[in-house]
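Please keep the viewer open as you read.

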Amino acid sequence: TGLVLVVAVIILFLSRSGGKTDTDTIKIGANLSVTGFGSIWAENEIKAAKLAVKEINADGGVLGKKLELTIEDNKSSAKDSVSATNKLVSVDGVRFLLAGWSEYLEPIIPIIDTNKVLTITVSAGAPDITKKSNYLFRTWPSDGIAIQNLLQYAKEKGYKNIAILGSSFGGAVTIIFASKTKGLRCLGLKSPVSDFNEQFVW
């Protein structure tokens, strides 16, 4: 999980610094969609993070220090994701962060860069997002891998026109790859879609 990777990096960080921190706890923040469109996805991410913290602390913590998890709701909104991250970093003093979808992660990259906050994304699929910060890592694979395989499958089946319904970044990835694939026209729709024609004109 993302938290396990964070813990591994924490151990490396503390080992290099002689195990010294300002407090007896290690603060980890989670910027996730507690409410809103992404809440169904984030529900299990939050459960997993809480369970990991409980088990790690019960086993003595990390180098003798307990983990302290603070969760902030980004409300499935890029604007609120920025607010949540600012609070976690400036008010709660977290030095390690878990983050979710690409839409809510990209706007906070300047914050994690400025404050040197190690960030693990547990569900961002945008292909090059981890290249945008030296402090950003991922446990979720790039959407580009799946999309490229799907486009290859479509070509092998002889499909000429396809429509893909997904997140804004998934749609963007689809369009990018489709634009580079000869003989294939692709329509990408961001979900949820509340209003669209029943028939698509190609």
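Start at Lys132, which counts as partly exposed at 44% relative accessibility (buried means under 20% relative accessible area, exposed over 50%, and partly exposed in between, with a 1.4 Å probe and protein chains only). This is a predicted model, in which local features need pLDDT of at least 70 and side-chain atom pairs count only at pLDDT 80 or more, while totals for chains, interfaces and linings use all residues. Residues are numbered from 1 along each chain as its sequence is written, and side-chain values use heavy atoms, with hydrogens and water left out.

What does Lys132 form with Glu106? The two make a salt bridge, their closest N and O atoms being 2.2 Å apart; the term stands for a side-chain nitrogen of Lys or Arg within 4 Å of a carboxyl oxygen of Asp or Glu. Because Lys132 sits in the loop between β4 (118-121) and β5, and Glu106 in the loop between α4 and α5 (109-115), the pair ties together parts that are 26 residues apart in sequence. Helices (H or I, at least four residues) and strands (E, at least two) are DSSP runs, numbered from the N terminus. Glu106 is partly exposed as well, at 27% relative accessibility.

The structure holds 5 salt bridges. Another of them joins the side chains of Lys87 and Glu72, at 3.1 Å from N to O. That pair links distant parts of the chain, with Lys87 in helix α3 (residues 78-91) and Glu72 in strand β2 (residues 66-73), 15 residues apart. Glu72 is buried, with a relative accessible area of 17%, and Lys87 is partly exposed at 31%. Through shared partners, salt bridges connect Glu72, Lys87 and Asp92 in one network.

Now for the aromatic side chains. A pair of rings is described by the distance of the centres and the angle of the planes. Rings of Phe, Tyr and Trp (its six-membered ring) pair if their centres lie within 6.5 Å; planes under 30 degrees apart count as stacked, over 60 as edge-to-face and the rest as tilted. By this rule the count comes to 4 aromatic pairs. The rings of Phe37 and Trp101 have centres 5.7 Å apart and planes at 70°, so this pair is edge-to-face. Phe37 belongs to the loop between β1 (25-32) and α2 (39-58), and Trp101 to the loop between β3 (96-99) and α4 (102-105), so the contact ties together parts 64 residues apart in sequence. Trp101 is buried at 17%, whereas Phe37 is partly exposed at 45%.

Trp41 and Trp140 are also edge-to-face, because their ring centres are 5.4 Å apart and their planes stand at 75°. Here helix α2, which holds Trp41, is linked to the loop between β5 (136-138) and α6 (143-157), which holds Trp140, 99 residues away. One aromatic cluster takes in Phe37, Trp41, Trp101, Tyr104 and Trp140.

Finish at α6. The buried residues of α6 are Asp143, Gly144, Ile147, Leu151 and Ala154. They lie on the same side of α6, because they cover an arc of only 90° around the axis (the arc is that of the directions from the helix axis to the C-beta atoms). The face turned away from that buried side carries the exposed residues Ile145, Asn149, Glu156 and Lys157. Just after α6, Gly158 takes a positive phi of about 85°.
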